[in-house]
Structure formats: structure tokens, C-alpha cells
Amino acid sequence: MDGADLTDPGPVIYAITSTRPDIDTATRTSIASAQYEDLAVRKILDCLEYNTPILDDPSDEEVAWLFRHRKQLTRCPITSCLLVGQKIYVPRVLRREVLTEFHDNRNHHGAKRMTEQTTNLTWPSKATDISNW
């Protein structure tokens with residue numbers, strides 16, 4: 001991927017869902033870019049960047065989930081991609097494409113197989129989203 005690919009989710013989804021267990025730097029950078037586009041997530045990224053307290057926002061399920069996991073939040077030192085533990089946080093804007101790729105484009109794998117194949121990714125309600133897909 002090159003710099004022009006950063007705004008196109010297609011290459012990002014392909015790289016996330018490839019059979020490789022790791023995700024390359026360009027893909028992590030693209031994910032970080034998508035994360036930063038979400039205003040609520042951007043506030044959390046800024047808190048991590050400037051070492052300020054992360055504030056809870058119960059009105060936003062996403063922020064509330066990230067707040068509960070705040071002690072596990074870090075940023076990739078190379079790409080600034082938000083991590084929850086060792087897992088890459090998938091922003092709202094990319095989830096539909098990730099679910100489509102892991103289910104629809106892979107012979108309709110079941111929930112168990114999709115969960116196994118996405119162990120390096122995380123987001124709120126991931127298990128529910130996979131089950132409902």
C-alpha cells in the first residue's frame with residue numbers, strides 16, 4: 001500500500017483479513033488513520049499522546065468501553081495505531097468491512113471460525129457482532 005491507499009478501506013480490509021497473523025506497518029497506519037477520524041476515539045488517542053486522564057462518557061458506548069479498558073490502552077510506537085492489550089482496536093468505520101470479509105467473502109464461516117480468525121482484533125460488542133452477522 002502507498003499513501004494514496006490510506007483513505008480507501010479496501011486495501012486495509014484485505015490486509016487485516018489476510019491469512020498472516022501479523023499486520024504490516026502500512027495497514028496499521030491506515031487503521032490508525034481511520035481511528036483518528038472518529039472524534040470520540042481521537043480524544044482518547046490525544047489523552048494517550050499527552051498523558052492526560054481518559055474521561056468516561058456513558059452516553060457513548062464506544063468511549064465507555066474504551067474507558068473500562070483504559071489501563072490496557074497503548075499506541076503502536078511505529079504507527080500510533082490504538083491497541084487494547086496486544087489487539088488492534090478496529091474503529092466503527094471499518095467493522096462492517098471486516099465482518100463482511102471474514103464471513104461473506106470466506107464461504108460464510110461460522111461465528112466460532114470468525115472469532116478464531118480475528119483474535120488480533122478487538123472492538124466493543126465484537127462477539128455479538130460476529131454472532132449476529
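User: Which pattern does the protein follow, read along the sequence?
Analyst: Happy to start there. This is a predicted model, in which local features need pLDDT of at least 70, side-chain atom pairs count only at pLDDT 80 or more, and totals for chains, interfaces and linings use all residues. Residues are numbered from 1 along each chain as its sequence is written, and side-chain values use heavy atoms, with hydrogens and water left out. Helices (H or I, at least four residues) and strands (E, at least two) are DSSP runs numbered from the N terminus, and the pattern is α-α-α-α-β-β-β-α-α-β-α.

User: What percentage of the 133 residues in the protein is buried?
Analyst: Buried means under 20% relative accessible area, exposed over 50%, and partly exposed in between, with a 1.4 Å probe and protein chains only. By that cut-off, the buried share of the 133 residues is 42%.

User: Which backbone nitrogen does the side chain of Q35 reach?
Analyst: A polar contact is a pair of N or O atoms within 3.5 Å; within protein, one must be able to donate a hydrogen and the other to accept it, and residues adjacent in sequence count only if both atoms are side-chain atoms. At 2.7 Å, the side chain of Q35 reaches the backbone nitrogen of L82.

User: Which residues of helix 3 make the contact with helix 2?
Analyst: Contact means heavy atoms within 4.5 Å. Helix 2 brings Q35, Y36 and E37 to this contact, and helix 3 brings L39, V41, R42, L45 and D46.

User: Is N51 buried or exposed?
Analyst: N51 sits in the loop between helix 3 and helix 4 (61-68). Its phi is near 55°, a positive value in a residue other than glycine. Most residues other than glycine have a negative phi. With 72% relative accessibility, N51 counts as exposed.
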